[in-house]
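Biologist: I am new to this structure. Could you walk me through how to read its features?

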Amino acid sequence: LIMVLGGFMMVGLTLAPRRVPSPLVDQPAPRFQLPALEDPERLVGSSDFDGEVVLLNIWASWCVSCRQEHQVLVAMANRGVPIYGLNYKDERSDGLNYLRSMSNPYVWNAHDLEGRVGIDWGVYGTPETFIIDRQGRIRYKHIGPLSWQDAQNTILPMVEQLRRESL
């Protein structure tokens with residue numbers, strides 16, 4: 001019994017915790033509609049990015065790792081990558097203050113105070129980033145903060161490839 005448990009532990013140590021397989025990859029993105037963080041009277045949702053290759057970034061002002069990746073998101077937005085935000089389990093005022101102090105790379109932010117949309121998307125925590133193709137299918141999921149290396153080696157090449165494929 002000890003040897004079997006030891007074997008499981010050894011295998012577990014070789015696994016990459018950020019490579020959690022998502023059953024949503026290659027599936028249609030869950031549809032949603034929520035109040036915008038910036039204007040609660042305006043509804044935003046997944047239909048706003050129909051027909052585009054986009055990133056959906058799940059973030060919160062209380063998330064230390066979100067602050068770590070924020071400048072990477074700003075740089076990608078400056079390169080023309082449309083990034084939509086899902087402000088997850090966060091007070092509206094805290095999310096707005098975060099964007100005012102850090103800059104805003106997002107086309108818009110949906111405000112998911114209760115976290116219900118995050119559950120539909122299989123969110124483990126923040127930050128998480130999804131690449132969605134023109135047909136509305138999730139093509140990639142990144143768990144944890146994006147580094148500039150992640151952006152250069154994975155995110156930007158995949159966005160470009162999907163843009164070319166979809167024409």
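Modeller: Gladly! Five strands make up an open sheet of mixed pairing, ordered β5-β4-β3-β6-β7. At the edges, pairing on one side only, are β5 (109-112) and β7 (138-143). This is a predicted model, where local features need pLDDT of at least 70 and side-chain atom pairs pLDDT 80 or more, while totals for chains, interfaces and linings use all residues. Numbering starts from 1 along each chain as its sequence is written, and side-chain values use heavy atoms, without hydrogens and water.

Biologist: How do I read strands and their pairing?

Modeller: Strands of a sheet pair through backbone hydrogen bonds, either parallel or antiparallel. Here strands are DSSP runs of E, at least two residues, and helices are runs of H or I, at least four, numbered from the N terminus; a pair needs at least two DSSP bridges. Strands β3 (residues 54-59) and β6 (residues 128-132) are antiparallel over five bridges.

Biologist: Which residue in β6 is the bridge partner of Val54?

Modeller: Val54 is bridged to Ile132.

Biologist: Now, where is Asp90 found, and is Asp90 buried or exposed?

Modeller: Asp90 sits in the loop between β4 and α3. Buried means under 20% relative accessible area, exposed over 50%, partly exposed in between (1.4 Å probe, protein chains only). Asp90 is buried but has no salt bridge, meaning a side-chain nitrogen of Lys or Arg within 4 Å of a carboxyl oxygen of Asp or Glu. Arg67, the nearest side chain of opposite charge, is 8.1 Å away. A polar atom of the Asp90 side chain does lie 2.7 Å from the backbone nitrogen of Ser61.

Conventions:
Lys, Arg positive; Asp, Glu negative; His and termini not counted. Polar contact = N/O pair within 3.5 Å; in protein donor to acceptor, adjacent residues only side chain to side chain.
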